[in-house]
Amino acid sequence: MALNHRQPVVAVFGSSTLRDDEPAYGEVMSLGGELAKAGLAVMTGGYGGAMAAASRGAHEAGGHVSGVTVDLFEQRGPVNPWVRERVHTPDIYARLRHLVHEADAFVAVHGSIGTLSEVFLSWTMLSVSARPQAPLVLMGAHWREWLEAHRSPELVPGHLFGFVEVADTPQATAR
């Protein structure tokens with residue numbers, strides 16, 4: 001009897017407002033491609049911006065792309081054209097739950113408060129063992145300063161930084 005093996009999934013969190021003419025869009029697209037080349041499926045929120053960039057990069061590299069959508073954001077426009085599997089959720093809590101519980105790893109790129117909520121929820125769930133351990137990678141040097149701002153004055157206990165890492169490039173992130 002054959003075992004049913006699931007391809008490892010990386011949830012990519014990032015801004016819906018990132019435009020395709022911005023340098024960061026190309027970096028996130030490259031990330032999607034690197035993840036797909038490493039044999040990983042890419043899961044995003046399914047809409048535009050960084051989600052579209054990661055989806056496009058993964059799709060163009062032959063990878064599987066899933067998008068986790070939500071009723072609340074349907075007015076923002078259609079699912080990006082690179083999504084091959086859509087998981088539609090009724091509310092933001094179900095969307096976050098799916099992203100955090102179904103991923104085997106997490107990558108955050110340029111983003112705003114939605115991205116930060118995904119990072120903090122993933123980080124919290126990892127730190128309290130509410131889900132299996134998984135890599136949480138923040139892509140881009142800008143995250144180092146952000147993490148340092150939370151170290152002092154000891155806002156986040158030092159041991160919790162062991163659950164998150166920073167990678168500067170798409171290639172380093174996909175390793």
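This is a predicted model: local features need pLDDT of at least 70, side-chain atom pairs count only at pLDDT 80 or more; totals for chains, interfaces and linings use all residues.
In what order do the strands of the open sheet line up?

**Figure 1. The open sheet, strand by strand.** Reading across, the order is β4-β3-β2-β1-β5-β6-β7, which makes 7 strands with parallel pairing. At the edges sit β4 (85–89) and β7 (165–167), and each of these pairs on one side only. On average, neighbouring strands of the sheet are turned by 25 degrees against each other, direction ignored.

**Figure 2. Strand β1, buried from end to end.** How many residues of β1 are buried? The count is 5 of 5, so this strand is mostly covered.

**Figure 3. Strands β2 and β3, with a close look at Ser 66.** β2 (residues 41–44) and β3 (residues 65–70) run parallel, with 3 bridges between them. Which residue of β3 is the bridge partner of Met 43? The partner is Ser 66, which has its place in strand β3. Is Ser 66 buried or exposed? Its relative accessible area is 7%, and the cut-off for buried is under 20%, so Ser 66 counts as buried. Leaving out residues up to four places away in sequence, Ser 66 touches Val 42, Met 43, Thr 44, Val 83 and Glu 85.

Figure 4. Another helix to pick out is α5 (residues 142–151), which lies across β5, β6 (136–139) and β7. α5 runs at about 120 degrees to β6.

**Figure 5. Helix α1 meets helix α2.** Two packed helices are described by the angle between their axes and the distance between the axes. For α1 and α2 (residues 50–60), the axes come within 6 Å and cross at roughly 40 degrees. The two helices are therefore oblique to each other, and α1 passes α2 in a right-handed crossing. On the α1 side, the contact has Tyr 25, Val 28, Met 29, Gly 32, Gly 33 and Ala 36. Their partners in α2 include Ala 50, Ala 54, Arg 56 and Glu 60. By class, the residues of this contact divide into 9 nonpolar, 3 polar and 2 charged.

Figure 6. α2 is mostly covered, with 8 of its 11 residues buried. Ala 50, Met 51, Ala 52, Ala 53, Ala 54, Ser 55, Gly 57 and Ala 58 are the buried ones. What do they pack against? Their neighbours are β1, α1, β2, β3 and α3. Just after α2, look for Gly 62, which takes a positive phi of about 90 degrees.

**Figure 7. Ser 30 on helix α1.** Ser 30 lies in α1 (residues 23–37). With 26% relative accessibility, Ser 30 counts as partly exposed. Along the chain, Ser 30 and Ala 58 are 28 residues apart, while in space they are 8.2 Å apart, C-alpha to C-alpha. Setting aside residues up to four places away in sequence, Ser 30 touches Pro 170 and Gln 171.

**Figure 8. Helix α3 crosses helix α4.** The axes of α3 (residues 92–102) and α4 (residues 113–127) come within 10 Å and cross at roughly 50 degrees. That makes α3 oblique to α4, and the crossing is right-handed. Leu 96, Leu 99, Val 100 and His 101 in α3 meet Glu 118, Leu 121, Ser 122 and Met 125 in α4. Sorted by class, this contact has 5 nonpolar, 2 polar and 1 charged residues.

How values were computed. Residues are numbered from 1 along each chain as its sequence is written. Side-chain values use heavy atoms; hydrogens and water are left out. Axes are lines fitted to C-alpha atoms, for helices over the stretch in contact, and angles run from 0 to 180 degrees between N-to-C directions. Helices (H or I, at least four residues) and strands (E, at least two) are DSSP runs, numbered from the N terminus. Angles under 35 degrees count as roughly parallel, over 145 as roughly antiparallel, 65 to 115 as roughly perpendicular and the rest as oblique. A crossing is left-handed if the near helix is turned anticlockwise from the far one by less than a right angle, and right-handed if clockwise. Contact means heavy atoms within 4.5 Å. Ala, Val, Leu, Ile, Met, Phe, Trp, Tyr, Cys and Pro count as nonpolar, Asp, Glu, Lys and Arg as charged, and the others, Gly among them, as polar. Two strands pair if DSSP finds at least two bridges between them. Buried means under 20% relative accessible area, exposed over 50%, partly exposed in between (1.4 Å probe, protein chains only).
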